[in-house]
Amino acid sequence: MAKPIHSMVRVLDETRSLTFYKEVFGMRVVDRFDYPSFSLIYLATEESTFELELTVNRDQSEAYELGNGYGHLAFAVDDLAKAHAEAKAAGFAPRDIVEFKPDGELLATFFFISDPDGYQIEVLQKRGRYQ
């Protein structure tokens, strides 16, 4: 069997990204590897073994082009309204909370937020399949 263990994103400003992921999602650095031309920084939460790998390339001076193939990361939270308010108060500009009701039945309640490099992140209320 295969077990998902991490996803990787390239970031331009390490400090800005670490601040974002800590303040919005409570992620902390669990491992780090520094090399002459790049660093690999692994982040995780207390609730999951899945990690987010931030890759910082030292020779990168301009924002990365995300292209049209990237979708989003997703986080489930206990209190969506609180997470939204805290992200907004911290100046991270989350989009409005949305209820997704295909066929009139509530499937998910969520908002999207962009990290400092423009990666889209869906924040979902823990419910149903989104645990």
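User: How many bridges join β1 to β4, and do they run parallel or antiparallel?

Analyst: The model is predicted. Strands of a sheet pair through backbone hydrogen bonds, either parallel or antiparallel. M8 stands opposite E53 in β4. For β1 and β4 the direction is parallel, and the number of bridges joining them is five.

User: What is the order of the strands in the open sheet?

Analyst: The sheet has four strands and its pairing is mixed. β1 (6–10) and β2 (28–34) each have a single partner strand, so they stand at the edges and one side of each lacks a neighbour in the sheet. From one strand to the next, the twist averages 20°. The order is β1-β4-β3-β2.

User: Which residue in β4 is the bridge partner of Y42?

Analyst: Strand β3 (residues 38–44) and strand β4 (residues 51–57) run antiparallel and are joined by six bridges. A hairpin of six residues leads from β3 to β4. The residue in β4 that M8 stands opposite is E53. The bridge partner of Y42 in β4 is E53.

User: What angle does the direction of helix α1 make with that of β4?

Analyst: Helix α1 (residues 14–25) packs on the sheet, where it touches β2, β3 and β4. The angle between the direction of α1 and that of β4 is about 165°.

User: How many of the seven residues of β4 are buried?

Analyst: Buried here means under 20% relative accessible area. By that cut-off β4 is mostly covered, and its count of buried residues is five.

User: Which residues are the closest to the centre of the largest pocket?

Analyst: The largest pocket holds about 700 Å³ of space. Its lining comprises 26 residues, and the closest to the centre are F25, T45, F75, A76 and V77.

User: Which element gives the most to the lining of the largest pocket?

Analyst: The elements that give two or more residues to this lining are α1, β5 (73–77) and α2 (80–89). With five residues, the element that gives the most is β5.

User: How many residues of the lining of the largest pocket are charged?

Analyst: The lining of the largest pocket divides into nonpolar, polar and charged residues.

Technical notes:
Residues numbered from 1 in each chain as written. Predicted model: local features only at pLDDT ≥ 70, side-chain atom pairs only at ≥ 80, totals over all residues. Heavy atoms only, no water. Pairing = 2+ DSSP bridges. Axes fitted to C-alpha atoms, helices over the stretch in contact; angles between N-to-C directions. Contact = heavy atoms within 4.5 Å. 1 Å grid on protein atoms, 1.4 Å probe; cavity = no way out; pocket = protein on both sides within 12 Å on 5 of 7 lines; lining within 4 Å. Points joined across faces, edges and corners; volume = space filled by probe spheres on them. Nonpolar A, V, L, I, M, F, W, Y, C, P; charged D, E, K, R; others polar. Buried < 20%, exposed > 50% of the residue type's maximum accessible area, 1.4 Å probe, protein only.
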